[in-house]
Amino acid sequence: MSRQVTFPSHGVTCGATHLPARSDALTGPAGRPCVVMAHGFGGTRDSGLAGYAEGFADAGTDVFVFDYRGFGDSGGTPRQDVSVRRQRQDYHAALAAARHLPGVDPDRIVLWGTSYAGGHVVAVAAQDGRVAAAVALTPATDGLATLAHVVRLAGVGRLLELAGHGLRDAARALTGRRPHHLPVVGPPGATAMMITPDIERISAVMAGPTWRNEVCARAALKVGANRPVVHAGRLACPVLFQVGLHDRVAPPGAARRTARRAGPRARLAEYPLDHFDVYDGPWQERALADQLGFLTRVLGPSSAQLPLPQKEME
C-alpha cells in the first residue's frame, strides 16, 4: 500500500508518495533499491507517473515520487514557478529522505526524471556521487538547443512572444504583484510553453487532481540557462537516456550529445515518438520495459559482471 509522506526542502514541506516494493527480486543484504521520481516542466506527481511507479514496485524497488516546492501538495511560494535551481535542490532533499526509508538500501537509490526532470537527474546524479543509476526519459538537456529547436519549428516570432510574456511576469515579480501565467501545454497556434496537436488526449492522461495547466511566465526567460549537458562528463553511475526521434519539445540531438559526454556508463535508446507519447499506450509500456531491463541489469546481484549496452535503436 502506498502512503502519503512529507519531507523538508530548504525550510519548505514537500509532499511525496512512498510505494513499497511488491517483490523481493532486487532485495539485497542492505535492503531494497528505491527509485526517486519527479515530473517535468510544470508537472505534478499525480499526473501520468503512476504507470511507471507501479511497474517499479512490482519489479522489486521502492518508489518515492515527490512534488517540487510550489507545485501539487508541496508548500512554497510563488506557486507554479519553475525554478531549475529549486527543483534540483528538491531532488537532493528527496534523495536524502529516500535514503532513510525503512528497509531501503541507501546505496541503491535511482534517480528518475522525465522532460525537464530528465535533465535534472543528470545534474543531480553528477553532484551526488552516491546515486546508483539514473533514468532520463525524453530529457531536456540543453536549453540553448531547446531555444534553437523552437525557432526551427515555430519561428523566431514565437520565441519573442514567449520572452515578452516572461518579461511581463518578471516585472510583476519585481513590483510585488501577482504572477503572470502561461499555459504549460496548448494546441498549435496557442500561446503556451509547449505546443502539441493532441492536447485533449495529453490533458486527459496528465491532468491529475493537483495539476494546473499554468506556470509563471518568467520561466521562459530561464530556458537557455538550463544546461544539464555540462554536468554529463562528471557522471559516475549508469544512466539510461530514452530519446524521442520526433520530439518537438526536447531536441533529440541535445540528448544524444549528453549521452556521449556521459561516456561508457551511458545507454542511449531511441524511439520514433513525440514528447508526450511516453505517458500512456504502447510507448509507455515499451519505455517502462526498457527501464526495468536497465535497472534489473545495474541493480541486480550480478550487475558487476553484466555489460551495459551503449545504444538501442527502435
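The following questions and answers explain how the terms applied to this predicted model follow from its computed values.

Q: What kind of model is this, and which residues count towards local features?
A: It is a predicted model, in which local features need pLDDT of at least 70, side-chain atom pairs count only at pLDDT 80 or more, and totals for chains, interfaces and linings use all residues. Residues are numbered from 1 along each chain as its sequence is written, and side-chain values use heavy atoms, with hydrogens and water left out.

Q: How many helices and strands does the protein have?
A: The protein has 8 helices and 13 strands. Helices (H or I, at least four residues) and strands (E, at least two) are DSSP runs, numbered from the N terminus.

Q: What makes the protein as compact as a globular protein of its length?
A: The radius of gyration, taken over C-alpha atoms, is set against the globule rule of 2.2 Å times the number of residues to the power 0.38. The value is 18 Å, close to the 20 Å that the rule gives for 314 residues, so the protein is as compact as a globular protein of that length. The C-alpha trace spans about 55 × 40 × 35 Å along its principal axes. Buried residues make up 56% of the 314 residues.

Q: Why is the pair of phenylalanine 7 and phenylalanine 66 called edge-to-face?
A: A pair of aromatic rings is described by the distance of the centres and the angle of the planes. Rings of Phe, Tyr and Trp (its six-membered ring) pair if their centres lie within 6.5 Å; planes under 30 degrees apart count as stacked, over 60 as edge-to-face and the rest as tilted. The structure holds 8 aromatic pairs. In the pair of phenylalanine 7 and phenylalanine 66 the centres are 5.8 Å apart and the planes stand at 85°, so this pair is edge-to-face. Phenylalanine 7 lies in strand β1 (residues 3-9) and phenylalanine 66 in strand β4 (residues 62-66), so the pair ties together parts that are 59 residues apart in sequence. Both phenylalanine 7 and phenylalanine 66 are buried. Ring pairs also link Phe7, Phe64, Phe66, Tyr68 and Tyr91 into a cluster.

Q: How do you know that the rings of tyrosine 271 and tryptophan 283 are edge-to-face?
A: Their centres are 6.2 Å apart and their planes stand at 70°, so the pair is edge-to-face. It links distant parts of the chain, with tyrosine 271 in strand β12 (residues 266-271) and tryptophan 283 in helix α8 (residues 281-299), 12 residues apart.

Q: Why is tyrosine 271 called buried, and why is tryptophan 283 called partly exposed?
A: Buried means under 20% relative accessible area, exposed over 50%, and partly exposed in between (1.4 Å probe, protein chains only). Tyrosine 271 has 3% relative accessibility and therefore counts as buried. Tryptophan 283 has a relative accessible area of 24% and is therefore partly exposed.

Q: What makes arginine 45 and aspartate 67 a salt bridge?
A: A salt bridge is a side-chain nitrogen of Lys or Arg within 4 Å of a carboxyl oxygen of Asp or Glu. The side chains of arginine 45 and aspartate 67 meet at 2.7 Å, N to O. The pair links distant parts of the chain: arginine 45 is in the loop between β3 (32-38) and α1 (50-59), and aspartate 67 is in the loop between β4 and α2 (84-98), 22 residues apart. The count by this rule comes to 16 salt bridges.

Q: How do you know whether arginine 45 is buried or exposed?
A: Its relative accessible area is 11%, so arginine 45 is buried. Contact means heavy atoms within 4.5 Å. Among the residues that arginine 45 touches are Gln4, Val65, Phe66 and Asp73, not counting residues up to four places away in sequence.

Q: Why are aspartate 128 and arginine 99 called buried?
A: Aspartate 128 has 14% relative accessibility and so counts as buried; arginine 99, at 13%, counts as buried as well. The two form a salt bridge, with the closest N and O atoms 3.0 Å apart.

Q: Why is leucine 160 called exposed?
A: Its relative accessible area is 58%, so leucine 160 is exposed. Leucine 160 is placed in helix α5 (residues 156-174).
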